[in-house]
Amino acid sequence: MKISKDMVVSLSYRLVVNGREIEKVEAAEPLTFIFGSGMLLPKFEANVLDKEVGDDFDFELEAADAYGEVNPQMIVDLPLKMFEMDGKIDYEVIKVGNILPMQDREGHRMNGIIKEIKALENKLTMDFNHPLSGEKLHFTGKVENVRPATEKELSDGLYGEKIPHDCSDENCSSCGGGCGHCH
């Protein structure tokens with residue numbers, strides 16, 4: 001059975017960036033997804049299209065086809081005061097290299113990595129680009145399983161990610177409430 005739209009696909013793979021292994025997914029716990037559902041990078045899916053169980057793959061994605069180039073507008077200085085708790089900065093949390101969950105003015109969640117602390121200016125520099133922005137991704141792997149998705153999987157998602165829920169609940173585990181994206 002070949003990989004095509006609406007098939008449940010399981011892959012083992014290795015992701016290498018700049019000669020360094022970033023991620024390894026073993027056959028015992030493969031990446032499993034519904035092909036064509038928009039959950040993976042389009043060029044990733046294009047490179048495994050029509051492959052069958054047991055087929056190997058080996059391809060690279062340029063930054064533009066993966067997570068894009070680094071966007072300088074996504075690197076911003078923020079007031080250090082924003083990160084005070086009880087009038088103090090916790091420098092175990094606020095340190096270069098740490099990733100902090102944040103929200104923009106519209107309430108969208110995003111992660112930012114602390115790039116620099118400018119104590120004299122009372123600012124810190126955060127980068128909200130995807131961690132793999134600007135990078136060429138090299139994938140090698142194997143197709144472990146391919147099967148048709150069930151109607152339930154197509155309507156609800158493989159992991160229930162498409163099940164409609166009431167976003168009026170501020171404790172909603174999917175969006176925190178009021179995201180406006182839910183049905």
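1. Arg147 is partly exposed at 30% relative accessibility (buried means under 20% relative accessible area, exposed over 50%, partly exposed in between, with a 1.4 Å probe and protein chains only). Its side chain meets that of Glu153 in a salt bridge of 2.7 Å, N to O (a side-chain nitrogen of Lys or Arg within 4 Å of a carboxyl oxygen of Asp or Glu). Glu153 is buried, with a relative accessible area of 14%, and belongs to helix α2, residues 151-156 (helices, H or I of at least four residues, and strands, E of at least two, are DSSP runs numbered from the N terminus). Leaving out residues up to four places away in sequence, Glu153 touches Val8, Ile34, Arg147, Pro148 and Leu158 (contact means heavy atoms within 4.5 Å).

2. On the basis of these values: this is a predicted model, in which local features need pLDDT of at least 70 and side-chain atom pairs count only at pLDDT 80 or more, while totals for chains, interfaces and linings use all residues. Residues are numbered from 1 along each chain as its sequence is written, and side-chain values use heavy atoms, with hydrogens and water left out.

3. The largest nonpolar core has 22 residues (buried Ala, Val, Leu, Ile, Met, Phe, Trp, Tyr and Cys residues joined through side-chain atoms within 4.5 Å). β1 (7-17), α1 (42-48), β4 (56-61) and β11 (137-148) each give two or more residues to this core, and β1 supplies the largest share, 6 residues. Among the residues with the most contacts inside the core is Phe44; apart from neighbours within four places in sequence, Phe44 is in contact with Leu11, Phe59, Leu61 and Phe139. A second, separate core of 11 residues includes Phe83, Met102, Leu124 and Phe128.

4. The salt-bridge count comes to 9. One of them joins the side chains of Glu62 and Lys136 at 3.5 Å, N to O. Glu62 lies in the loop between β4 and β5 (75-79) and Lys136 in the loop between β10 (123-127) and β11, so the pair ties together parts 74 residues apart in sequence. Glu60, Glu62 and Lys136 are linked in a salt-bridge network.

5. Asp77 and Lys118 form a salt bridge through their side chains (2.9 Å, N to O). Asp77 is in strand β5 and Lys118 in strand β9, so this pair ties together parts 41 residues apart in sequence. Lys118 is buried at 18%, whereas Asp77 is partly exposed at 37%.

6. Asn18, in the loop between β1 and β2 (20-25), is exposed at 65%.
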